Amino acid sequence: MTDPTQALSFGAAAADYDRFRPRYPEEALRWALDGLAAPARVVDLGAGTGILTRGVLALGADVVPVEPDPGMRAQLAAATPGTTALAGSAEAVPLPDGSADAVLVGQAYHWFDREPAHVEIARVLRPGGTFAPIWNVRDERVTWVAELTRIAHLGYGTGDVTEKYADFGPAFTPVELGEFAHTTTLTPDGVIGMLHTRSYWLTATPAEQERIDRELRELFATHPDLAGRAAVELPYRTLVLRSRRR
């Protein structure tokens with residue numbers, strides 16, 4: 001079980017979360033939904049501020065966002081006209097049995113209490129429906145990105161996703177992995193603003209927050225790939241774990 005304090009820490013930074021967090025590449029979302037008849041009814045579970053919801057809506061799907069944090073739900077409503085998130089969690093989804101063609105999860109599956117969440121997701125999905133958690137994971141093969149991760153205690157990486165979350169339980173078929181290259185362009189201040197939406201920074205002591213910010217500014221001022229640049233491209237590997245409801 002994950003720390004609920006960290007899992008529900010994002011609402012205080014909801015506007016910056018929506019502004020700075022990376023979007024999901026269209027090809028990754030199309031791969032996640034491949035094989036479903038249009039228009040698919042998609043549940044965005046742990047929808048946050050609606051970044052994934054908006055990406056899936058742009059593909060023509062019918063999206064039902066579900067999010068436990070009221071601050072995040074409010075930002076989702078403000079940023080996604082015509083869409084209102086339902087209050088709920090992965091362990092208690094407020095939808096009927098067999099009512100969804102797909103359940104997608106953007107940057108949130110690692111917060112779930114997995115066994116009860118799998119039961120709920122299987123309940124909500126129709127037979128043959130798709131379950132697909134998605135992550136934008138920083139590409140730490142780039143040296144300055146690896147240093148960014150070390151400074152800011154950014155947590156999971158590519159190996160964590162592919163090794164820890166490769167089994168969704170008996171109700172689901174074996175997991176398929178899709179990987180897609182992705183970048184986002186931010187100023188150095190924008191990268192720091194994005195890192196201020198991470199759970200580690202949000203729940204850190206003021207002294208630890210100050211230490212992170214100081215070392216990040218030193219990184220941008222001194223690293224040969226970053227020094228003097230007004231904007232940087234932050235590279236990601238977008239990972240999709242896709243399975244079908246048996």
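Tutor: Two strands are taken to pair if DSSP finds at least two bridges between them. Helices (H or I, at least four residues) and strands (E, at least two) are DSSP runs numbered from the N terminus. The model is predicted, with local features requiring pLDDT of at least 70 and side-chain atom pairs pLDDT 80 or more, while totals for chains, interfaces and linings use all residues. Residues are numbered from 1 along each chain as its sequence is written, and side-chain values use heavy atoms, leaving out hydrogens and water.

Student: In what order do the seven strands of the open sheet lie?

Tutor: The pairing in this sheet is mixed. Strand 3 (86-87) and strand 6 (176-186) each pair on one side only, as edge strands. Read across the open sheet, the order is 3-2-1-4-5-7-6.

Student: How many bridges join strand 4 to strand 5?

Tutor: Strand 4 covers residues 100-106 and strand 5 covers residues 125-138. The two run parallel. Ala102 stands opposite Thr130 of strand 5. The number of bridges joining strand 4 to strand 5 is six.

Student: Which residue of strand 5 is the bridge partner of Val103?

Tutor: In a regular strand, side chains alternate between the two faces of the sheet. The bridge partner of Val103 in strand 5 is Phe131.

Student: What angle does the direction of helix 6 make with that of strand 5?

Tutor: Helix 6 (residues 114-124) packs on the sheet and touches strand 1 (41-45), strand 4 and strand 5; contact means heavy atoms within 4.5 Å. Axes are lines fitted to C-alpha atoms, for helices over the stretch in contact, and angles between N-to-C directions run from 0 to 180 degrees. For helix 6 and strand 5 the angle is about 130 degrees.

Student: How many of the 14 residues of strand 5 are buried?

Tutor: Buried means under 20% relative accessible area, exposed over 50% and partly exposed in between (1.4 Å probe, protein chains only). Strand 5 is largely enclosed by the rest of the structure, because its buried residues number 11 of the 14.

Student: Are helix 9 and helix 11 roughly parallel or roughly antiparallel to each other?

Tutor: Helix 9 (residues 188-195) and helix 11 (residues 206-222) pack at about 150 degrees, their axes 11 Å apart. The contact is made by Pro188, Asp189, Val191, Ile192 and Leu195 of helix 9 with Asp213, Leu216, Arg217 and Phe220 of helix 11. Angles over 145 degrees count as roughly antiparallel. Helix 9 and helix 11 are therefore roughly antiparallel.

Student: What is the relative accessibility of Gln107?

Tutor: Gln107 is found in the loop between strand 4 and helix 6. Its phi is near 60 degrees, a positive value in a residue other than glycine. Gln107 counts as buried because its relative accessibility is 11%.

Student: What is the relative accessible area of His153?

Tutor: His153 has its place in the loop between helix 7 (143-152) and helix 8 (158-164). Phi of His153 is near 50 degrees, again positive in a residue other than glycine. His153 is partly exposed, at a relative accessible area of 41%.

Student: What is omega of the peptide bond that joins Ala38 and Pro39?

Tutor: Pro39 is found in the loop between helix 3 (26-32) and strand 1. The bond joining Ala38 and Pro39 is cis, and omega is about -5 degrees.

Technical notes: Angles under 35 degrees count as roughly parallel, over 145 as roughly antiparallel, 65 to 115 as roughly perpendicular and the rest as oblique.
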